Amino acid sequence: MGERATRGSNAQPTPPGLSGIRVLQQKARAHDIPLHVMLELTDRCNARCRHCYVSDRSAVRELSLTEYEGILTQLAAAGTLFLVFSGGEPLVRPDFFEIASLARQMEFSLTLFSNAILIDPGTADRLAELCPGRVEISLLGGRAATHDRITQVPGSFEKTIRGARLLIERGISVQFKTTWMRENIEEAAAIRTLAKSIGASFRSGFLVIHKRDGDASPADFRATADQLRAMVQQNYERCDVKTVPPEPAPLADAQKEGNPCGMGQVSCRIDSRGNVYPCAAVDIVLGSLRQHTFASIWNGSEELKRLRSIRIADLTECSSCELYSRCSRCAGLARMETGSLLGPSPQACIVARAFEGFFHERRCQLQ
């Protein structure tokens, strides 16, 4: 896997199917290969989303184009295949397309996270030339009023939809993504309908994390348990085939020997200042690429070795919880909420219990 396949530099590599991805991940995990890397190109952003976890939006000490050239070369040598360009808003960097072009010349598969506000016809043309695997766009409301209130940028809804349409017109795969909060969860059906109407795929999540400086204020925007259960019911009722999962059960001892997540296994995050982290959510600095090589951090960090050694059995409460296999527990969020990587995430507990509460009612009705 360390050898990179030869591909034409003008064509985006065809992504492997789901089974192929799983095989790649298994091989990468077995050989400690960083298959997926998220590059946070900047903390700057042209939106001010009320729930955003970024606390410092300055451009101080951002990596330069020359530094990115060296980092991309190191990632290619390490066996990385998939890059995510994130932020902040990556497109606010004047040299974004220079960085992205370097990555394509090195034959990485590219995904872009964006709010699409800056995507005009010219920008869409340049993005199409990069042949990205996907552009993921944050859509935070089914109505302009809701989306703009959350981003705190008047007119951002219309610009986001315009940007998505321009990309789709150029054959780029677009995925809208939404974080469900108490302000927008009632518009779930409208958001899904909007995505489908313009040819975009859609995914969503429930977990709202704290700011990276420790500020817990984003938690105020989380959806309530009642709202979560109502959404589960709506999703259930619109399904053609209605199934009810069986009663939850604790994990077997053998299952507890597994790793609870992919933290530092086949992926990592590199922030705009060159610091390497085990994943997108865990803010433990493993090392700086301004002081060390990527290989020395990925292969030599004692902290990363410790994180990789964590097993489900080590989780103080979650390993014995019957809802564990259905829970969206995030180690980073647990650490933000409780100070412990091994403890439960109260927010994930609320979500899991809301889901199980609904299905418990359905099971009772079927008896």
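Student: How many of the 10 residues of helix α3 (residues 96-105) are buried?
Tutor: This is a predicted model, where local features need pLDDT of at least 70, side-chain atom pairs count only at pLDDT 80 or more, and totals for chains, interfaces and linings use all residues. Residues are numbered from 1 along each chain as its sequence is written, and side-chain values use heavy atoms, without hydrogens and water. Buried means under 20% relative accessible area, exposed over 50%, and partly exposed in between (1.4 Å probe, protein chains only). The helix is largely enclosed by the rest of the structure, because its buried count is 7 of the 10.

Student: Which residues of α3 are buried, and what covers them?
Tutor: The buried ones are F96, F97, I99, A100, L102, A103 and R104. Helices (H or I, at least four residues) and strands (E, at least two) are DSSP runs, numbered from the N terminus. The cover over the buried residues of α3 includes α2, β2, β3 (109-114) and α4 (121-130).

Student: Is L112 buried or exposed?
Tutor: L112 lies in strand β3. Contact means heavy atoms within 4.5 Å, and L112 touches F85, P90, F96, L127, R134, V135 and E136, leaving out residues up to four places away in sequence. With a relative accessible area of 4%, L112 is buried.

Student: Which residue forms a salt bridge with E136?
Tutor: A salt bridge is a side-chain nitrogen of Lys or Arg within 4 Å of a carboxyl oxygen of Asp or Glu. For E136, the closest N and O atoms are 3.3 Å apart in its bridge with K177. E136 is in strand β4 and K177 in strand β5, so the pair ties together parts that are 41 residues apart in sequence. E136 is buried, with a relative accessible area of 3%, and its partner is K177.

Student: How far is K256 from the nearest side chain of opposite charge?
Tutor: K256 is in the loop between α8 (225-237) and β7 (267-270), and touches L251, R311, I312, A313 and S319, not counting residues up to four places away in sequence. Lys and Arg count as positive, Asp and Glu as negative, while His and the chain ends are not counted. K256 is buried but has no salt bridge, and the nearest side chain of opposite charge, D253, lies at 4.3 Å.

Student: Which strands are at the edges of the sheet?
Tutor: The open sheet has 9 strands in the order β6-β5-β4-β3-β2-β1-β7-β8-β9, and its pairing is mixed. Two strands pair if DSSP finds at least two bridges between them. Each edge strand pairs on one side only, and these are β6 (201-205) and β9 (287-288).

Student: In β8, which residue is the bridge partner of I270?
Tutor: β7 and strand β8 (residues 275-277) pair over 2 bridges in the antiparallel sense. Within β8, the partner of I270 is V276.

Student: What percentage of the 367 residues of the protein chain count as buried?
Tutor: The chain has 12 helices and 9 strands, and its C-alpha trace spans about 65 × 45 × 40 Å along its principal axes. Of its 367 residues, the buried share is 48%.
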